[in-house]
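Here are my notes for anyone opening this entry for the first time. Have the sequence and the 3D view side by side, and take the points in order.

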Amino acid sequence: MTTVHERADTFHDNDQKPVGYGRMLRKEDPRFLRGRGRYVDDVQLPGMLHLAILRAPVAHARIVSIDTSAAEASPGVRAVVTGAMLAQQGLAWMPTLSNDVQAVLATDKVRFQGQEVAFVVADDRYAARDALELIDVEYDALDPVIDARRALAPDAPLIRDDLEGKTNNHCFDWETGDEAATEAVFARADVVVSQDLVYPRVHPAPMETCGAVADFDAVDGKLRLWSTTQAPHAHRTLYAIVAGIPEHKIQVIAPDIGGGFGNKVPIYPGYVCAIVASIVTGKPVKWMEDRSENLISTGFARDYIMRGEIAATRDGRILGIRTNVLADHGAFNGTAAPVKYPAGFFGVFTGSYDIEAAYCRMTAVYTNKAPGGVAYACSFRITEAVYLVERIVDCLADELGMDPAELRLKNFIQPEQFPYTTKTGWVYDSGNYEPTMRLAMDMAGYAELRREQEEKRARGELMGIGIAFFTEAVGAGPRKNMDILGLGMADGCELRVHPTGKAVVRLSVQSQGQGHETTFAQIVAEEIGIPPADIEVLHGDTDNTPFGLGTYGSRSTPVSGAAAALVARKVRDKARIIASGMLEVSVADLEWEKGAFHVKGDPGTSVTIQDIAMRAHGAGDLPEGIEGGLEAQICYNPSNLTYPHGAYICVVDIDPGTAQVKVRRFIAVDDCGTRINPMIIEGQVHGGLTDGVGMALMEMIAFDEDGNCLGASLMDYLIPTSLEVPDWETGFTVTPSPHHPIGAKGVGESATVGSPPAIVNAVVDALKPFGVRHADMPLTPSRVWDAMRGQARPPI
Amino acid sequence: MQVTMTVNDVEVTREIEARLLLVHFLRDVLGLTGTHWGCDTSNCGTCVVWLDGEPVKSCTVLAAMAGGHQVRTVEGLAKGAQLDPVQEGFMQCHGLQCGFCTPGMMMTARALLDRNPDPSETEIREAISGQICRCTGYATIVRSVRWAAVAEAEAAARVAETTESSEAGEIADAGQTAGAVA
């Protein structure tokens, strides 16, 4: 069942519905508006020292010697630590989230520009930076491997000689689908289209960089760590394993976080250095990286070199999709994805289409670049998958001379086919694609736009219309096959109702701006009828919240949102029994109306949830077998992922004189199932669309042939400002998830996933008069200029 | 060296290193952590404060340069418990998510409205174009600033109306005809 809405419900207030779902202003806003947010760099502890990291100036070199004597003598310096010193404690290397290892501080050689080599601890951040300049490192330069295509060449320098028996730069191979079946449909297809595509390396670049304050108390052996983490509980467990500190003696606090986008999922060497520094000095130690450090050393995203192939009948029936991918994982495999999914969820590259066969073969390699790979709101590589399929579907439309909207409509998985198992084994829970697509086309005035384009083309003006339709897979995930280093991806949640009927809910996920303090209060309010204003949401502190895997991959609502709803229902079930005692009727004779139980057929005889809360904590007797108090805890293990979808239409104009692309309009229709707070959903969509403009038109972490990072500051790595993006036009349909307790699906990354292909498709469409069939991101003026002259080239 | 400046209407004097940046002076010395540090290269704008009423990027101003001048930060935007209309607008229109760019955005927006009480969408976009927000996609920030502009215009209209009607009342009183108005 799908409901269709012409316009996002942003300005529809929930005045009539003060409890539960609907537009509600955010509970967390007042502190941010007054400058009272508390981010990691705002933490000031008595006697706190500052840590700064010396980084490799070159991409690949052997360390000959490190002389720290001058740095140690520098004013205000308390300690200088090198990899050799860490090695003595067994701390020079740490595990990555993908079962690889990564150097905390380099011991043998440096493997990417910006790698951590040594750190200084000093009285203030300026003194620490001064001392970095005085550390003398002698390097013996090695040839770097920068082009992933050359990584497996026989003469390529070996990057990971730290791994025993390693003789080449191969990271892993992965495949999915049925190769033979796919070969068969390609063999009998009327039309086969092939296209090489590059999804360049980009960076999430949250406005707040990464950092930590470590405070180790030697007396009670307790480590408190404020850090910019999207996964405080998982980090705590890993610190226990790496540093050998017992897990109950580690408290990880993720305070207010200034944006994450996946950048703050991994454990970075800087966090470990801060912990070591606090242990060594006996003082609290702060490490806060600067912007360049953030861009050159922390989790990048994408870097997939792909070939997409699509097979179809002459009349536009898609038969099969095949792809071959070369994945650049940098110097260490630091991908943050469920371990059984080394390519993340790239396997959903069959998109929203009912096809006969699909196959993907992937090779991942090491290069002399920063580690990472899964970040930037990618839903574990679904950005790459959706870009691939939506680009080659457009290439097919071009080949067939078909309208790209018509081709998509013709091949959609039909509503009655759900749950739908794709040819790569993903079980899409629910979907109804055509109404979503039609709504986007109506909102855009699609037919009218095509007429306008025709007129403009006749006048030599360059206007393009791009479509992308995506299906996402979010809410990792079922613990039977999804874990991060052995930690199952289920989420805990705890709810306590106080005697006066106010409540506190403790989440295992936390917010980097998504508005958990509001959304989760609304979820609980909807279930137990306590107003959201009376529900405190606690998150981001491992000592005060139940275990769970954290906020990334759009998993908060699908996993923890379900946990919050179910824990509230558990509390409501107990409240029902207590109410039956208060009203002296059987449980079966009670009816729930939001906020109260009343006797069936007698609405006047009722008790509110607040009355029940007082009774639960009060002096009187409770029904037999019922303990006092009104609280519950659960751990929710999702049975499947949720599969939101959406239809995006982008309209661009290109200046033929400068090749500057202007996004004139962008229409986004999203279907994320049940909508909890439409205002927050729209905000999430707007942010993702802006990321999409960045990736499609501006953003790229480039390297020169020596491995120097060319995107090392915000002067070089361009992020959209208010002038590069239009006023977004959003709409929605609602197809609830059948397995999620409240029917909700994740939405945080939908727009980042869906918008880049819409924009690139629009630019290519605009360039059709020049015979352009494809041009790779980022579509900067110079690259569009080249494409207009038949000289389109890959960015790497 | 010693520096004296007025921050949010309070005069402060501190002993500092000559190279100390204003952003670090505000955050680390005065504890005014509402102003943020985001890039060092004047690109991101999370550090925007006012220097004598002008928005500046405090990561590229030395604290010493602010000596003898007036500085205003996000902590000085509200009038006690009363939020500035810009703050209220950001809340009403969901102009913030993670909140990191928000103080700088609001300082620029306030300065814009002080010069131009009725800015167009384009004028707002131009005013905040030196600042980056990674979360909102800017549309809700633009709406927030428009919300504040409209709220201030309406408030001004109400004040004018009240003044007018009280003047009218006085005239009516003078004419001895007001008795039945209650």
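1. In which sense do strand β3 (residues 61-67) of chain A and β7(A) pair, and over how many bridges? They pair in the antiparallel sense, over 2 bridges. Before going on, keep in mind that this is a predicted model.

2. Put together, you get an open sheet of 3 strands in the order β7-β3-β9 in chain A, with antiparallel pairing. The edges are β7 (109-110) and β9 (136-141) of chain A; each has a single partner strand, so one side of each has no neighbour in the sheet. As for cover, β9(A) has hardly any: of its 6 residues, the count that are buried is 0.

3. For a contrast, jump along chain A to strand β22 (residues 462-471). This one is mostly covered, with 10 of its 10 residues buried. In a regular strand, side chains alternate between the two faces of the sheet. You can follow that in β22(A): Leu462(A), Gly464(A), Gly466(A), Ala468(A) and Phe470(A) point one way, while Met463(A), Ile465(A), Ile467(A), Phe469(A) and Thr471(A) point the other way, and all are buried. Its partner strand here is β32 (residues 645-654) of chain A, which runs antiparallel to β22(A) and is joined to it by 10 bridges. Within that pair, Met463(A) stands opposite Asp653(A).

4. Next, the nonpolar core. The largest one has 311 residues, and those with the most contacts inside it are Leu51(A), Phe119(A), Val120(A), Val524(A) and Val763(A). Chain B is involved as well: domain 1 (1-76) and domain 2 (79-182) of chain B both give residues to this core, so it lies between them. Leaving aside neighbours within four places in sequence, Val763(A) is in contact with Gly464(A), Val652(A), Ile654(A), Val661(A), Ala775(A), Leu779(A) and Val784(A). Gly464(A) is a residue you have already met, in β22(A).

5. Over to chain B as a whole. There are 5 helices and 5 strands, and from the N terminus on the elements run β-β-α-β-β-β-α-α-α-α. The radius of gyration of chain B is 21 Å, well over the 16 Å that the globule rule gives for 182 residues, so chain B is more spread out than a compact globule. Its C-alpha atoms fill a box of roughly 70 × 40 × 25 Å along the principal axes. Buried residues make up 49% of the 182 residues. Among contacts in chain B between residues at least 6 apart in sequence, 60% join residues at least 24 apart.

6. How do the two domains of chain B meet? Their C-alpha centres lie 26 Å apart, and 13 residues of domain 1 are in contact with 11 residues of domain 2. On the domain 1 side, strand β3 (residues 48-51) of chain B gives the most, with 3 residues. By class, that side has 7 nonpolar, 6 polar and no charged residues.

7. Then there is the meeting of the chains: 41 residues of chain B are in contact with 42 residues of chain A. On the chain B side, the elements that give two or more residues are α2 (85-92), α3 (102-115) and α5 (139-174). The largest share, 4 residues, comes from α2(B). By class, this side has 18 nonpolar, 17 polar and 6 charged residues.

8. Not counting residues up to four places away in sequence, Thr102(B) touches Phe32(A), Leu33(A), Phe90(B) and Leu96(B). Gln131(B) is 29 residues from Thr102(B) in sequence and 9.9 Å away in space, C-alpha to C-alpha.

How values were computed
Residues numbered from 1 in each chain as written. Chains lettered and ligands numbered in written order. Predicted model: local features only at pLDDT ≥ 70, side-chain atom pairs only at ≥ 80, totals over all residues. Pairing = 2+ DSSP bridges. Contact = placed C-beta atoms within 7 Å. Nonpolar A, V, L, I, M, F, W, Y, C, P; charged D, E, K, R; others polar. Core = buried A, V, L, I, M, F, W, Y, C linked by C-beta atoms within 7 Å. Buried ≥ 20, exposed ≤ 12 C-beta atoms within 10 Å, placed from the backbone. Domains from an automatic or database assignment. Rg over C-alpha atoms; globule rule 2.2 N^0.38 Å.
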